[in-house]
Amino acid sequence: MRIGELAAQAGASPRQVRFYEAKGLITSTRGPNNYRDYSETTLGRVQQIRELLKAGLSTQAIRGILPCLESPRDPIVFEGVTFETVAALERERDRMTERIDVLTRNRDAIADYLTELQERAN
């Protein structure tokens with residue numbers, strides 16, 4: 001599929017798709033007209049990349065773990081995983097845990113404020 005179709009189906013822009021390709025997160029082939037052509041499996045990969053980015057992972061961390069995420073049903077891939085990759089993933093996990101804690105505190109504070117507003121309004 002061409003870049004516009006892939007982007008539309010994945011909820012991304014063509015620019016984002018080109019960025020993912022430049023970062024080595026996805027690949028394409030080139031047709032005789034030099035247009036990028038993406039496989040159907042790339043659609044799932046782009047959606048997965050977008051979710052990981054929304055979760056706060058860097059493109060570098062995503063590139064390190066993508067081989068392990070080919071399919072949720074496949075066994076975890078251990079070959080080629082370096083100590084540096086494991087350390088980076090541990091840092092990302094810890095950073096995400098901190099973000100979750102902050103978001104939870106903020107959500108709870110807003111909920112308490114809304115409860116107070118509703119009680120006073122009645």
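A pocket here is an open set of grid points where a 1.4 Å probe fits, with protein on both sides within 12 Å along at least five of seven lines. Its volume is the space filled by probe spheres set on the points. Keep in mind that the model is predicted.

The largest pocket holds about 190 Å³ of space. Its lining includes Ser58, Gln60, Ala61, Gly64 and Ile65. Glu84, Thr85, Ala88, Leu89, Arg91 and Glu92 also line the largest pocket. Two elements, helix 4 (59–65) and helix 5, each give two or more residues to this lining. Helix 5 gives the largest share, six residues.

Side chains of opposite charge can pair when their charged atoms come close. Six salt bridges are found in the whole structure. In one of them, Glu92 pairs with Arg95, with the closest N and O atoms 3.0 Å apart. Both residues lie in helix 5, three residues apart, about one turn of the helix. Glu92 counts as buried because its relative accessible area is 14%, and buried means under 20%. Arg95 is partly exposed, at 31% relative accessibility.

Arg120 is exposed, with a relative accessible area of 68%. Glu116, at 33%, is partly exposed.

Helix 3 (residues 40–54) holds another pair, Lys54 and Glu51, three residues apart. Their side chains meet in a salt bridge of 3.3 Å, N to O. Lys54 counts as exposed at 57% relative accessibility, whereas Glu51 is partly exposed at 49%.

Now return to helix 5 (residues 83–121), where Leu117 is placed. Leu117 is partly exposed, at 40% relative accessibility. Together with Ile110, Tyr113 and Leu114, Leu117 forms a nonpolar patch on the surface. The patch has about 410 Å² of accessible area.

The last stop is a loop. Most residues other than glycine have a negative phi. Asn34 has a positive phi, near 70°. Asn34 lies in the loop between strand 1 (29–30) and strand 2 (36–37). At 48% relative accessibility, Asn34 counts as partly exposed.

Technical notes: Residues numbered from 1 in each chain as written. Predicted model: local features only at pLDDT ≥ 70, side-chain atom pairs only at ≥ 80, totals over all residues. Heavy atoms only, no water. Helix = DSSP H or I, 4+ residues; strand = E, 2+ residues; numbered from the N terminus. Buried < 20%, exposed > 50% of the residue type's maximum accessible area, 1.4 Å probe, protein only. Patch = residues over 30% accessible without salt bridge, like charges linked within 9 Å, V, L, I, M, F, W, Y side chains within 5 Å. Areas by Shrake-Rupley, 256 points an atom, 1.4 Å probe, with all protein chains shown as cover. Salt bridge = Lys/Arg side-chain N within 4 Å of Asp/Glu carboxyl O. 1 Å grid on protein atoms, 1.4 Å probe; cavity = no way out; pocket = protein on both sides within 12 Å on 5 of 7 lines; lining within 4 Å.
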